[in-house]
Amino acid sequence: MSEPKTPTTTPAGDTYKGWVFKWTNYIKGYQRRWFVLSNGLLSYYRTQAEMGHTCRGTINLATATITVDDACNFVISNGGAQTYHLKASCEVERQRWITALELAKAKAARMQAESDDSGDDFSPPVAPGQGGGSQNSEVQSALRTLGSKVEDLSTCNDLILKHGSALQRSLSELDSLRLTGEAGEKIRQVTERATLFRITSNAMINACRDFLALAQAHSKRWQKALQAEREQRVRLEETLEQLAKQHNHLERAFRGAAQANASSDNKSAAGPGKGEASDEDDDNEFFDAMEEAPEFITVPADPQFHKRSSSNASCLNSEMCPDDQSLNEEPLAMNQESSTQELVPLKKRRTRIPDKPNYSLNLWSIMKNCIGKELSKIPMPVNFNEPISMLQRLSEDLEYHELLDKASKSHSSLEQMCYVAAFCVSAYSTTVYRTGKPFNPLLGETFELDRRRESGYRSLCEQVSHHPPAAAHHVISDRGWTLRQEITVASKFRGKYLSIMPLGTIHAIFDKGNNHYTWKKVTTTVHNIIVGKLWIDQSGEIDVVNHTTGDRCHLKFAPYSYFSRDVARKVTGVVMDKDGKAHYVLSGTWDEKMEFSRVMQSSRGGENGTEGKQKTVYQTLKAREVWRRNPLPEGTETMYYFTALALTLNESEESVAPTDSRRRPDQRLMEDGRWDEANSEKQRLEEKQRIARRERQEREAVSQRTSSQSEEAVDEDPLSDPSLKSAPHDSYKALWFERCEDRITGEQVHIYKGGYWEAKEQGSWENCPDIF
């Protein structure tokens, strides 16, 4: 079974490879593994193909013990931390391995001892991987230079000794002449000075001799340390390169496996899978992150709960939900009234935009100097954008406005909460393939989405602040609901990924019952910034709160993991009343669909959590679908993966305000495929915005100085101090929104003050600033 290869000479010993049977567990028993003995290390892999990327375990033979059990079995252990029970195919093969292991152990122990002895000879090994030869030549060149300098120092030492001795002899000969008078006095002075020079030179020579001996004694240790650092760097570079090459392969493989397991029972994920992938010990498995245990478990409810009766079967304990008896098995208000009331659109919307040009650009070459900076402060070319602004991106939250239409007709607040929670999740479905960055809106830029006659709502967004960038959004629907939000986006580039943290609260108010809901957005992460295909993930938790009734829905967006057995992009949630009783369980994915299940009974127990805490077990009725993502238009992969709604957002309209995003020239040029012109136009608009801000600040400073002087002339109050007055600041005020304190959250927000739609009807845009 063994297949030893031709030994390759290395500093630590020969390389020996072959198949050996390794004990895994009592279920699998001995399994064949590929073992590699090299440099005093014994490593093993499941297959020979894994040698390039995944090592399953390694033992350092310098500190290991090797024992023989019988004719074919032997054990390798390093003191209890790692123990390999191995079995060769025959006694001869076992003896070959024992001989190779003993030789490697002896050499590894000798090398370890030599590394602690600075006086031993050292021959630098060849650095592994590509570029090792050039790196080793650099080391040898540096060592040769140092050696030549040490030889020069030794030669100078010999010359000083030789010439100093000759000078001393000459002076002694002059002293023996016994000259008198002034000449004799001069000779004595020279002799004294020569003696002092000899003493000083001898001290210097002794110091140089000590330095030379010390440098020779420690040079080999420095050489070893330098070579070890170089080898470590090369190994890290090889590891990173291998990880980058496998990144896309692993993503496709495990994402496909996760989707294949989505239809299976959730309980099957708790046990090990079949086949080779699960036959190793847990400590030898590789995971990119710890898989979080679910906060609760759902099980089918007792059949008695499915029967409509007036019995007391729904009152078995205090955790049951007697409310909403009309919703035993029916979907949440799944009537067809809304579809029959839809009106035919007034105009045919476009279904295509120009295809995205194939521009190649290295993202890392631009982003590597931007790590840790605010993304909004980095001048980004349009190559990384999509031809849509952040205001239009916010308006895309209305892709599934029908959920709010149905919520407005709900008969109970708990039922309404399910729709609101589903609407909250649906806003992320448009991001699954959208890796482009929206245009940062200019200050004062607006975007309207008038779908009143088609869908019953009107939407208006305005960029109300530039530092920090903030956009206010207001939607009013004829079907009994209002949506408003002010979003500030904080972005951080971390080298490997980009984190986008939306800050701000979203409000949904319904006329029926006057229910007022609030929630915040989760963090969006863009992965594979350096290498591989960009992909988006959503992770975090959302609390949807009904401030009128106290109902609450806790949603959890699970972060994506390559090795997770669970469904990718999973979202779970529980709808609870003000007393904390669960009424509905929500589950699904933020990129595909959401389902709800009515909770009939809940209890504490079942499986224990990761910290020994008991999970909540919910007995639920059969799950019903509450939301499903609309299919993408044909050819969307060449149109930035826009949805049907997104394709219409930047369509030209004559009656919109002059500050509308549709009129932005750089965005329009990019959509038309003229990216070079779009980049130039983008720089012009940004510079125009900076100039307008400086002029606004200068006007504010002059106004404050004038006000301060007038107050000093008439105010005799000794307590007034002009130095306490505020410094000049950007006093920009939004045109269609006004800043005030939110009565629900207490935050300072911008709320729509009215007037836009009236100005549109009259065609009166005189107050709009010139920003384009």
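Visitor: Where is Arg-624 placed?
Guide: The model is predicted. In it, Arg-624 lies in strand S25, which covers residues 624-628.

Visitor: Why is Arg-624 called partly exposed?
Guide: Its relative accessible area is 29%. Buried needs under 20%, and exposed needs over 50%. The value 29% falls in between, so Arg-624 is partly exposed.

Visitor: What separates Arg-624 from Arg-598?
Guide: Along the chain, 26 residues. Their C-alpha atoms are 9.1 Å apart.

Visitor: Why is Thr-430 called buried?
Guide: Its relative accessible area is 5%. The cut-off for buried is under 20%, so Thr-430 is buried. Thr-430 sits in the loop between H8 and strand S10 (437-439).

Visitor: What makes the link between Thr-430 and Arg-393 a polar contact?
Guide: Their side chains come to 3.3 Å. A polar contact needs N or O atoms within 3.5 Å, one able to donate a hydrogen and the other to accept it. Leaving out residues up to four places away in sequence, Thr-430 touches Arg-393, Glu-396 and Thr-643.

Visitor: How do you know that Ser-429 is buried?
Guide: Its relative accessibility is 4%. Buried means under 20%, so Ser-429 counts as buried. Ser-429 also lies in the loop between H8 and S10.

Visitor: Which residues does Ser-429 reach or touch?
Guide: Its side chain reaches the backbone oxygen of Ser-426 at 2.8 Å. Beyond four places in sequence, Ser-429 is in contact with Tyr-400, Trp-590, Asp-591, Trp-627 and Arg-629.

Visitor: What makes H8 mostly covered?
Guide: Of its 14 residues, 14 are buried.

Visitor: Which residues touch the most other members of the largest nonpolar core?
Guide: Leu-483, Trp-519, Ile-542, Val-544, Leu-555 and Phe-557 do, in a core of 63 residues. Helix H8 (residues 413-426) gives the most to this core: ten residues. A separate second core has 20 residues, including Tyr-16, Val-20, Leu-42 and Ile-76.

Visitor: Why would such side chains gather?
Guide: In soluble globular proteins, nonpolar side chains tend to be buried together.

Visitor: What does Ile-542 touch?
Guide: Setting aside neighbours within four places in sequence, its contacts include Cys-424, Tyr-428, Trp-519, Leu-555 and Phe-557.

Visitor: Why do strands S1 and S7 count as a pair?
Guide: Pairing needs at least two bridges. Two bridges join S1 (residues 16-25) to S7 (residues 83-87), so they pair, and they run antiparallel. Phe-21 stands opposite Lys-87 in S7.

Visitor: What is the strand order in the open sheet?
Guide: The order is S4-S3-S2-S1-S7-S6-S5, seven strands with antiparallel pairing.

Visitor: What makes S4 and S5 edge strands?
Guide: Strand S4 (57-60) and strand S5 (65-68) each pair on one side only. On average, neighbouring strands of this sheet are turned by 35° against each other, direction ignored.

Visitor: How many helices and strands does the protein chain have?
Guide: There are 13 helices and 27 strands. Of the 772 residues in the protein chain, 42% are buried.

Methods. Residues numbered from 1 in each chain as written. Predicted model: local features only at pLDDT ≥ 70, side-chain atom pairs only at ≥ 80, totals over all residues. Heavy atoms only, no water. Core = buried A, V, L, I, M, F, W, Y, C linked by side-chain atoms within 4.5 Å. Buried < 20%, exposed > 50% of the residue type's maximum accessible area, 1.4 Å probe, protein only. Helix = DSSP H or I, 4+ residues; strand = E, 2+ residues; numbered from the N terminus. Contact = heavy atoms within 4.5 Å. Axes fitted to C-alpha atoms, helices over the stretch in contact; angles between N-to-C directions.
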